Amino acid sequence: MSFLQEAPQLSHPLHADRLLQHLLAHGLPAARRKAVTPDLEALADYAHMAWRRRMHKPAEVPVHTPWDAWGRRVDRIHPTTAWCEGAAITARHGLVATGHDGTIGPTGRLEQFIRVYLYHVASEFYTCPLAMTDGAATAIKASGNRALMERALPHFLSRDADTLWLSGQWMTETIGGSDVGHTETRARQDGTGQWRLYGRKWFTSAIVGEAAMALARPEGVDDNLALFYVETKDAEGRWNGVTIDRIKDKLGTRELPTAEIHLDGVPAWPLGELAHGVRQVAPMLNVTRTWNAVCAVASMSRCLALAGDYARRRRVFGKMLIEQPLHARTLADMQAEFAGAFALTFCIADLLGRVESRQVADHEPALLRLLTPLTKLWTGKLATRIASETLECFGGNGYIEDTGLPQLLRDAQVYSIWEGTTNVLSLDSLRVLGKSGLDPLRKGIDGWLKDVPADSPVVHAIGHALEVVQQRLTAATSDADKLEAQARGVALTLARAGAAALLTRNAAREPDDMRARATLAIFLDHGLLRLPAEDDIDAVRALCQP
């Protein structure tokens, strides 16, 4: 009989994940580890089951039915199996509620995002509306709007699937994505004083949600933008002034129903003052960008788990792939980069929880404001690179749909796009640096390296990277265009410097762990600096001309 290659098998997502086990051991007190273990075991078991199901069942996509059999406009969305299971899993395991549970203390966000990490890939991006729901809950709490807090939060944070609501974000329009200043949607008050929205939204992820946060221009308020809370259905379950034009046909995240919609009098409630809509979006972004980073590292983890298992099953040229030095080096390079991204991502998850619970040092709120866009942009780019390399590890089978592998690459591309592209986030980072400089990051790194000798080569490498960035920032202060042209390099360098410091701390915690030392050595071998040569902005522009 001819040879048949054994397919890769997914190891247990909780028990076999060394980085996650290290995080649980060092990031949570023993009592909290014991409290979260049942949820983590259940979510890991679900992820394992979902992978097996995916291997034996054709991929699904949501189906939009605009009209019923008798010609009535219904705009029904028929979700995938995993999405039908999402509400029960979310409520049972507190995937949103845990991050807002004040009884847990400062580790609440970390515990929440460990759950998200285990659930994400199996969820088929059900985590996208969960991220937006978390962001909406955070924005409503920050607004101080008592009526909306009493109305929406019990649903957004419910641990009962029957009362759980999802929230979308209705920000993007045909005129632009990140540049929301051109929003055309209008808000008008009817005769009763109720605000209603009119316009078109171009990307509404997870249109199945019961609520949404929407930007609109309130008439009679000096053309300012306001942030509104919207409920999508009326008491009978009919769409509340919403028409679904179509479901987007996307490169990846196909299970996620992203829609184009028209708004015709949707009832809406402003979060706060009608003139500060963009400012009110800011609390949402810290949360949703953290979700994005956690989901990106979850995808990387899945890639590495499958590529590593396959390397121990595939024999070529008389040896297993894992015994081939070049292939082993390829996997090690990927693992080291992933470890750095994992460390930085869960650093901001922990920091977010401590900032929200006000148990932080003076510099840490500013550190969170800087690290969040840095982490999101770096993990987004890295996820695509690791997914692409993973497919290559499987040769031709990595390119075949029914292996489930191409979906890893298609889905990974979204991480560098959603909630701000790499360039948008790089510019956000520059704005933060313009206000607080590098001092918060320096203090954060000093704390992570407090047990590492000052003359250590890694301390020198990190210090050199920060100094080079500082020199660039100082030299470009009088030339905004020159500084902007280097923004991506500045951001990637700072992200890598922070990750290197965290990997150094982790290696110091377990001095006998050869894997931790090897991870750090390989990561440093890849270098920290990602800065371009000092840009001649005129030459850059000339190169972009036709």
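I count rings of Phe, Tyr and Trp as a pair if their centres lie within 6.5 Å, and with that cut-off I began on the aromatic residues of this predicted model.

**Aromatic cluster.** I looked up which residues group together, and found that Y117, F338, F342 and F346 form one aromatic cluster.

**A second pair.** I then turned to W195 and F228, whose ring centres are 5.9 Å apart with the planes at 55 degrees, so this pair is tilted. W195 lies in strand β5 (residues 195-205) and F228 in strand β7 (residues 226-231), so the pair ties together parts 33 residues apart in sequence. Both W195 and F228 are buried.

**Helix packing.** Last, I looked at helix α12 (residues 439-448) against helix α15 (residues 487-509), which pack at an angle of about 20 degrees with their axes 9 Å apart. Angles under 35 degrees count as roughly parallel, and I therefore noted α12 and α15 as roughly parallel to each other. The crossing of α12 past α15 is left-handed. From α12 the contact is made by L441, I445 and W448, and from α15 by L494, A497, G498, A501, L502 and R505. Sorting this contact by class, I recorded seven nonpolar residues, one polar and one charged.

Methods:
Residues numbered from 1 in each chain as written. Predicted model: local features only at pLDDT ≥ 70, side-chain atom pairs only at ≥ 80, totals over all residues. Heavy atoms only, no water. Axes fitted to C-alpha atoms, helices over the stretch in contact; angles between N-to-C directions. Helix = DSSP H or I, 4+ residues; strand = E, 2+ residues; numbered from the N terminus. Parallel < 35°, antiparallel > 145°, perpendicular 65-115°, else oblique. Left-handed = near helix turned anticlockwise from the far one by under 90°. Contact = heavy atoms within 4.5 Å. Nonpolar A, V, L, I, M, F, W, Y, C, P; charged D, E, K, R; others polar. Phe/Tyr/Trp six-rings, centres within 6.5 Å; stacked < 30°, edge-to-face > 60°. Buried < 20%, exposed > 50% of the residue type's maximum accessible area, 1.4 Å probe, protein only.
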